[in-house]
Amino acid sequence: MRRGLFTLGMVVLLAAPTLAACEVGESTAPAGKKEITFLVFETPNLTPQYWDAAIKRVTDKHPEISVKKLVSPDQDRTTYAKQLLTSGQFPDVMIAVSPAGFAEGGNLYAWTPDELKDFEFPTNGAIKGKVYQLPANTQTIPVVYYNKALFTKAGITGEPKTYAELQQAAAKLKAAGITPFVTAGVHDSIGPLWAGILGTELYAKNPNWMHDRRAGKVKFCDAEFKAGAAKLADLAKQGYLDAKDVSKDYAAGQQAFLDGKGAMYAMGNWLAGELDKPDSKLEVGQFTWPSDDGKLVVPAFTGGGLLVSAKAKNLDAARTFALGFQLDKGNLDNSAKADGLFPAIKGYTPPTDVGPDYKLGYDLYAKGVAEKAVVPAFGFEAGDDGMLPGVTAKWDSSAVDLVTGKKTPDQVCAFLDAEWAKAAA
Amino acid sequence: MGEGGRLSMSEADLPRRTRRPEIGRRVWHFLSFGGPGTAAYACFVLAPILISLGYSLTNYNPFRGDTDFVGLANYRVLLTDEEFLTSLKVTTILTAIVVIVPNALGLAVAVLLDRRGWVFNALRTVFFVPVVLSSVVVSVIWTRLLDNDGLINQALRGLGVDEPPGWLSDPDYALYSLGGILSWQMLGFCVVIYLAGLQHVPQELIEAASIDGAGPFRRFWRITWPLLAPALTINTVILLISAFKIFDHVQIITRGGPGTGTTATIAYNVLQTGFIANRQGFASAMAIIMLIIIAAASAIVLKLLQRREVDL
């Protein structure tokens, strides 16, 4: 009887995933074409249609290239790229994958100065002096987007200029029964909020902080970082963030703001792509994360472009495609409209028909550039400017620990220093 | 064999003449029937385990050129590594939930459904549906249900609960929510196994006990429950193995959170350490320890539960 039951158990267990599984077929390149694989990721702004159109624009110009699109199963395309690399399926071309680790292992093609001549910041994100990711666009991380109607309802008449004013506004919103800040529990949701705090608390005082951390000159347990951790914890403690939001993913966090479930949303400027959609009715204002003294600080990251595998079977085709994709005016315009990006290409100006939210964000960034107030966006840096591999994920989870009260700022700082030591070992 | 145990010449020679072809035939049978399976097992199960064992003795990082043999250093570090010990605790709690809850509820449901009729057949199908659903589908469904604004909290608010729990966002609840989801999905599996076990319980024993005056509870406890021992063994061992290596639900529902390590199982930690921190030697050591724990726990549970099995 036992053997019979065991057989039944195994059959049931094996049949279940088999029934649920589906098979993915493989495509082959048409005769005479050079096929390359291209890893992309999808978001509410970057839809399958967006990617297909962008790819087609390049292949129309280069008909000898055939592109097989790979879609990351979630927004963490860097981890997916690592899985593909270790299973011998590293894509030929990737977008917005962090080059850290891949580059040091000799897996990425290093762009030549001549290939980078069209980029405004050609050395951004360099790793040991070499650029592996095309520094294609600038993103301000974060911009504080606010729901004008909810501000009015709470009796807030102006945009907060200092951190104290931000707290006063949050208190008024809370008193009016409105959640002051919307967030979610993943890197691209809670990261921008903490990047805003650390931009004013840390990078505004020491723009080289991360390089100093790599050199062992500063630590997470030093006063500047700890003050930033304490501010985040305090926002949650005051009830200005809803700790329950940390179970949300990126799309749900964004939707909560669009649905008016909270007044402010500290987010990368890519949100403008959503706000400027024709069917969007939400009236939104923008301001940069305020510092204690009201001095302008604009955290931003330039990079995020395409990377090419050094071992691509058709390396020339991969390079041609990547540069063609990145410098195509139509693609740049669409990335500005759909994802709110500020293309960092020499001589590029955004199209005149961009939406008002994009324009407002672009003006804020331009003001930051004019006032030399641009600092790195903590947690979103790349290459030698960023954290060691694996530590960014701990920084993300630490943000959630602070918001839920699971850890104190002291515990978080000690934890991050310990994780840094592990990553460096 | 000849009379009186003496072999005649022709009989004694017969086995000797046929032994070689007999052995050859057996080898051929083994190779033709068992060979492909053995080769597949060796390639896809044994070899990866041995390769992982090899990696676990190194500081292998695919993004660094130099890999050194470090002996048992990874294992020594793991014994004091807070992150690993937390994931071991998380996995143990999840496993306890997943072994106990579906087993207990599955038995109750199986007893209720052990009747004839289309209603009971339909109910069996209903209970079994979650088993055939992809873990991704189950995870997405429950993420939506347990969200702060999800159906469950909306219902609770409707019932007058002002502050319903943060099922997936509160570190005090998230692990148990995850355990509940896994239990829900595995319940149907236990029901099927227990139903099969119940159908093997001889009715004449039940009837004899009834005639002797035994009530329903006594009949169940004295006859049905002991005869369900094999089903309990199968359910427990399979649930134990499934729960100990759980990864996909964690990845989709909580991503190991909320926060650091709240619901991070060993399997989740292996992936994070291997593919995010790139410490694949260290991650391999974790995987080997996980394998040893699963094998040891399964063997012990199997041995203990088999003791109470009875054959009719």
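The model is predicted, so local features need pLDDT of at least 70 and side-chain atom pairs count only at pLDDT 80 or more, while totals for chains, interfaces and linings use all residues. Residues are numbered from 1 along each chain as its sequence is written, and chains are lettered from A and ligands numbered from 1 in the order in which they are written.

## Chain B as a whole

Let's start with chain B, which has 13 helices and zero strands. Helices here are DSSP runs of H or I with at least four residues, strands are runs of E with at least two, and both are numbered from the N terminus. The radius of gyration of chain B is 27 Å, whereas a compact globule of 312 residues would be near 20 Å; the radius is taken over C-alpha atoms, and the globule rule is 2.2 Å times the number of residues to the power 0.38. Along the principal axes, the C-alpha atoms of chain B fill a box of roughly 95 × 75 × 30 Å.

Of the 312 residues in chain B, 37% are buried. A residue is buried if 20 or more other C-beta atoms lie within 10 Å of its own, exposed if 12 or fewer, and partly exposed in between, with C-beta atoms placed from the backbone. Contacts mean C-beta atoms, placed from the backbone, within 7 Å. Among contacts in chain B between residues at least 6 apart in sequence, 71% join residues at least 24 apart.

## Domains in both chains

Each chain is divided into two domains, with bounds that come from an automatic or database domain assignment. In chain B these are domain 1 (3-56) and domain 2 (74-307). In chain A they are domain 1 (34-139 + 302-370) and domain 2 (142-267 + 387-424).

| Domain pair | Distance between centres |
|---|---|
| Domain 1 of chain B and domain 2 of chain B | 40 Å |
| Domain 1 of chain A and domain 2 of chain A | 27 Å |

In chain B, five residues of domain 1 are in contact with eight residues of domain 2. The domain 1 side of that contact has three nonpolar, two polar and no charged residues. The classes are simple: Ala, Val, Leu, Ile, Met, Phe, Trp, Tyr, Cys and Pro count as nonpolar, Asp, Glu, Lys and Arg as charged, and the others, Gly among them, as polar. In chain A, six residues of domain 1 are in contact with six residues of domain 2, and the domain 1 side there has three nonpolar, three polar and no charged residues.

## Where the chains meet

The contact between the chains takes 39 residues from chain A and 34 residues from chain B. On the chain A side, helix H1 (2-20), helix H3 (77-86), helix H14 (391-404) and helix H15 (409-424) each supply at least two residues. H1(A) gives the most, with 10 residues. By class, this side of chain A divides into 18 nonpolar, 12 polar and nine charged residues.

One residue worth a visit is Gly259(B), in the loop between helix H11 (248-254) and helix H12 (266-276) of chain B. Gly259(B) counts as buried because it has 27 C-beta neighbours inside 10 Å. Leaving aside its neighbours within four places in sequence, Gly259(B) is in contact with Ser397(A), Val400(A), Asp401(A), Thr404(A), Lys406(A) and Pro171(B).

## Strands of chain A

Strand E1 (residues 34-40) of chain A is mostly covered, with five of its seven residues buried. E1(A) pairs in the parallel sense with strand E2 (residues 65-71) over seven bridges; two strands pair if DSSP finds at least two bridges between them. In this pairing, Lys34(A) stands opposite Ile65(A) of E2(A). E1(A) also pairs in the parallel sense with strand E3 (residues 93-95) of chain A, over two bridges, and Leu39(A) stands opposite Met94(A) in E3(A).

Elsewhere in chain A, an open sheet of four strands has the order E10-E4-E8-E11, with mixed pairing. Its edge strands are strand E10 (342-343) and strand E11 (374-376), each pairing on one side only. Strand E4 (residues 137-140) and strand E8 (residues 298-303) of chain A run antiparallel and are joined by four bridges, with Ala300(A) in E8(A) as the bridge partner of Thr140(A).

Conventions:
Contact = placed C-beta atoms within 7 Å.
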